Amino acid sequence: MLRPTGEMEFSDIEILLKDNNVENVNKLLQIIDIIGVPRGSFLRADGFEQSVGTLEGLALYLNGTELSEEVYQNSDINCVIERFDKGLDGSGCF
């Protein structure tokens, strides 16, 4: 689902387990933890709801049209990306 701004609001992913027993649900929770899902996500079934997710995101909007021509001639977005990656120090990525 997208917001009116075009940003993502949420996504709904359905997973069907052959058997919703505790062992299978625990395996699914382990898989979710390994692959990573956004903070604020949850796993829900009949009579069951579990918060999951640890990943967070950052949106950075850069204006590529309204600055002076000199800025675009003398600047390289790749340098900004490299500095972000360096600042994240392995805790995230571009």
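Biologist: By class, how many residues in the lining of the second largest pocket are nonpolar?

Modeller: This is a predicted model, and in it the second largest pocket has a lining with three polar and two charged residues. The rest of that lining falls in the nonpolar class, and the number of nonpolar residues is 10.

Biologist: What is the volume of the second largest pocket, and which residues lie closest to its centre?

Modeller: The volume of the second largest pocket comes to about 430 Å³. Of the 15 residues lining the second largest pocket, those closest to its centre are Leu58, Phe84, Leu88, Cys93 and Phe94.

Biologist: Which elements give two or more residues to the lining of the largest pocket?

Modeller: The largest pocket, with a volume of about 1200 Å³, is lined by 34 residues, and Ser11, Ile13, Ser41, Phe42 and Leu43 lie nearest its centre. By class, this lining divides into 21 nonpolar, five polar and eight charged residues. The elements that supply two or more residues to it are α1 (22–35), β1 (41–45) and β2 (48–52).

Biologist: Is Leu62, which belongs to a nonpolar surface patch, buried or exposed?

Modeller: The patch covers about 570 Å² and is made by Leu58, Leu60, Leu62, Ile77, Val80 and Phe84, with Leu62 placed in the loop between β2 and α2 (69–74). A residue counts as exposed when its relative accessible area is over 50%. Because the relative accessible area of Leu62 is 53%, Leu62 is exposed.

Biologist: Which residues are linked in a network of salt bridges?

Modeller: Side chains of opposite charge can pair when their charged atoms come close. A search of the whole structure finds four salt bridges, among them one between Arg3 and Glu7 at 3.9 Å, N to O, and another between Arg3 and Glu9 at 2.7 Å, N to O. Arg3 takes part in both of these pairs, and the linked residues are Arg3, Glu7 and Glu9.

Biologist: Why does Glu9 count as partly exposed?

Modeller: The partly exposed class lies between the limits of under 20% for buried and over 50% for exposed. Arg3, at 38% relative accessibility, is partly exposed, and so is Glu7, with a relative accessible area of 28%. Glu9 also counts as partly exposed, because its relative accessible area is 43%.

Conventions:
Residues are numbered from 1 along each chain as its sequence is written. This is a predicted model: local features need pLDDT of at least 70, side-chain atom pairs count only at pLDDT 80 or more; totals for chains, interfaces and linings use all residues. Side-chain values use heavy atoms; hydrogens and water are left out. On a 1 Å grid over the protein atoms alone, a cavity is a set of points where a 1.4 Å probe fits but cannot get out, and a pocket is an open set with protein on both sides within 12 Å along at least five of seven lines; lining residues have an atom within 4 Å of a point. Grid points are joined across faces, edges and corners, and a volume is the space filled by probe spheres set on the points. Helices (H or I, at least four residues) and strands (E, at least two) are DSSP runs, numbered from the N terminus. Ala, Val, Leu, Ile, Met, Phe, Trp, Tyr, Cys and Pro count as nonpolar, Asp, Glu, Lys and Arg as charged, and the others, Gly among them, as polar. Patches are made of residues with over 30% relative accessible area and no salt bridge: like charges are joined within 9 Å, nonpolar side chains (Val, Leu, Ile, Met, Phe, Trp, Tyr) within 5 Å. Accessible areas come from the Shrake-Rupley method with a 1.4 Å probe; for residues, only the protein chains shown count as cover. A salt bridge is a side-chain nitrogen of Lys or Arg within 4 Å of a carboxyl oxygen of Asp or Glu. Buried means under 20% relative accessible area, exposed over 50%, partly exposed in between (1.4 Å probe, protein chains only).
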